[in-house]
Amino acid sequence: MSDWHALIRQMETSINNTILGQEHIVRLMTIATLSRGHILLEGDVGVGKTTLLKTVAECLGGNFERIEGTIDLMPHDLVYYTYIAENGKPGVSSGPVLKHGDELSIFFFNEINRARPQVHSLLLRIMAERSVHAFNQTHYFPHLQVFADRNRIEKDETFELPAAARDRFMMELHVEQPKSETQLKDLMFNPRFHDADKLVDSADKAVVPFQQLNDIAVAIQEHVHTSEKVQDYGYHLCRALREPAEYGIQITDVDTNNMIRGGMGPRGISYLARGAKVNAWLNGRDALLPEDFHMIIRQIAKHRLFLNPVYDYNRDDIVESLITAALNTIQSP
């Protein structure tokens, strides 16, 4: 376990030396990776989402594939593509998902909200089951982690991800530009940051042996124990987000009895527990504490909370108020 600590520290250091001002996001991505969860990034245009994802993929190693979300992308484009062979006859070759077989480590879906719902449906199965049926057989991807990004500015020719697809992402992370004046000036004037491809290439390669990630993820879950009091705290924290009125939570101008249309289900609360244990391990502990839940609750819960339509106009603020109220209401052991 100590060897893995050293590798993870090296990976995070390499990423943070390549991508400025995103240390918190990098730590959250590390938690998701060691929990074997998929990651969705969103943010303004040009804040470095794609560069960040490519850098993480370089450090994780393994085979990497990427596809661009476009309005004309079809589900079969993930699995195979057709072409005219040298003999003039049509040919079929494996698409990005199948190209590397069971050695596929990272599948990066750029601008995922530009793809059609039919594409989302296929991606849903790949993410959930780490498999796909094609060419009369089922192909498995035991090491697969899906990274996706979307920008929240452009709405033309885009499709909102359905609830089921968003729930497959362990975390939804919002990337903002650095707030440090020094870092922003560095990004402006240091030529090192002007060529994104060269910048990504400068990161350490394959720091973490991706074939062992599944095993270390299991080992972390077994290594970190949780007391009954902390289990109770985590349970009530999740339930308060689903049944806020039951816990006496009040939000200005909101009827908490009729606010929630859907909340975190078993997958979401399992991700919360798994991620919290990883955070404890990263901080050198073998026991879960309430602050481990606090570290990741927003990134895991926000995209899983669905409000009644009357509150959609102010969804982000209401959800943030709900999470804050739940953290203040549930007594920490």
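The legends below describe close-up views of one predicted model. Residues are numbered from 1 along each chain as its sequence is written, and side-chain values use heavy atoms, with hydrogens and water left out. Because the model is predicted, local features need pLDDT of at least 70 and side-chain atom pairs count only at pLDDT 80 or more, while totals for chains, interfaces and linings use all residues.

**View 1. The largest nonpolar core and Leu34.** The largest nonpolar core holds 73 residues. A nonpolar core is a set of buried Ala, Val, Leu, Ile, Met, Phe, Trp, Tyr and Cys residues joined through side-chain atoms within 4.5 Å. Buried means under 20% relative accessible area, exposed means over 50%, and partly exposed lies in between (1.4 Å probe, protein chains only). The members that touch the most other members are Leu34, Leu52, Met171, Leu241 and Met259. With neighbours within four places in sequence left aside, Leu34 is in contact (heavy atoms within 4.5 Å) with Ile8, Leu213, Ile216, Ala217, Ile220, Val278, Trp281 and Leu282. Another core, of 25 residues, lies apart from the largest one and includes Ile112, Ala115, Phe141 and Val146.

**View 2. The salt bridge between Glu42 and Arg150.** A salt bridge is a side-chain nitrogen of Lys or Arg within 4 Å of a carboxyl oxygen of Asp or Glu. By this rule the count is 21 salt bridges. In one of them the side chains of Glu42 and Arg150 meet, with an N to O distance of 3.4 Å. Glu42 belongs to strand E1 (residues 38-43) and Arg150 to strand E8 (residues 145-151), and the pair links distant parts of the chain, 108 residues apart. Helices (H or I, at least four residues) and strands (E, at least two) are DSSP runs, numbered from the N terminus. Glu42 is buried at 17% relative accessibility, and Arg150 is buried at 8%.

**View 3. The salt-bridge network around Arg166.** Salt bridges link Glu42, Arg150, Glu160, Arg166 and Glu172 in a network. Within this view, the side chains of Arg166 and Glu160 form a salt bridge of 3.9 Å, N to O. Arg166 has a relative accessible area of 12% and is therefore buried.

**View 4. The salt bridge between Asp167 and Arg267.** The closest N and O atoms of Asp167 and Arg267 are 2.3 Å apart, and the two residues form a salt bridge. Asp167 lies in helix H6 (residues 163-168) and Arg267 in helix H11 (residues 266-282), so the pair ties together parts that are 100 residues apart in sequence. Asp167 is buried, at 17% relative accessible area, whereas Arg267 is partly exposed, at 32%.

View 5. Helix H3 (residues 49-60) has 12 residues and reaches 17 Å from its first C-alpha to its last, close to the 16 Å expected at 1.5 Å a residue. The expected span is 1.5 Å times one less than the number of residues in the helix. Of the 12 residues of H3, 9 are buried, so the helix is largely enclosed by the rest of the structure. The buried residues are Lys49, Thr51, Leu52, Leu53, Thr55, Val56, Ala57, Cys59 and Leu60. Thr51, in helix H3, is buried at 16% relative accessibility. Beyond its neighbours within four places in sequence, Thr51 is in contact with Ile19, Ala196, Leu199 and Val200. Gly61 follows H3 and has a positive phi, near 75°.

**View 6. Helix H13 and Leu322.** The 15 residues of helix H13 (residues 315-329) should span 21 Å at 1.5 Å a residue, and the end C-alpha atoms are 21 Å apart, which agrees. In H13 the buried residues are Arg315, Ile318, Val319, Leu322, Ile323, Ala325, Ala326 and Leu327. These buried residues pack against helix H10 (228-242), strand E10 (260-262), helix H12 (290-301) and strand E11 (306-307). Leu322 is buried, with 0% relative accessible area. Not counting residues up to four places away in sequence, Leu322 touches Ala240, Leu241, Pro244, Ile249, Ile251, Met259, Ile260 and Leu305.

View 7. A search of the whole structure finds 0 disulfides, a disulfide being a pair of cysteine sulfur atoms within 2.5 Å. Cys59 is buried at 0% relative accessibility, and Cys238 is buried at 11%.
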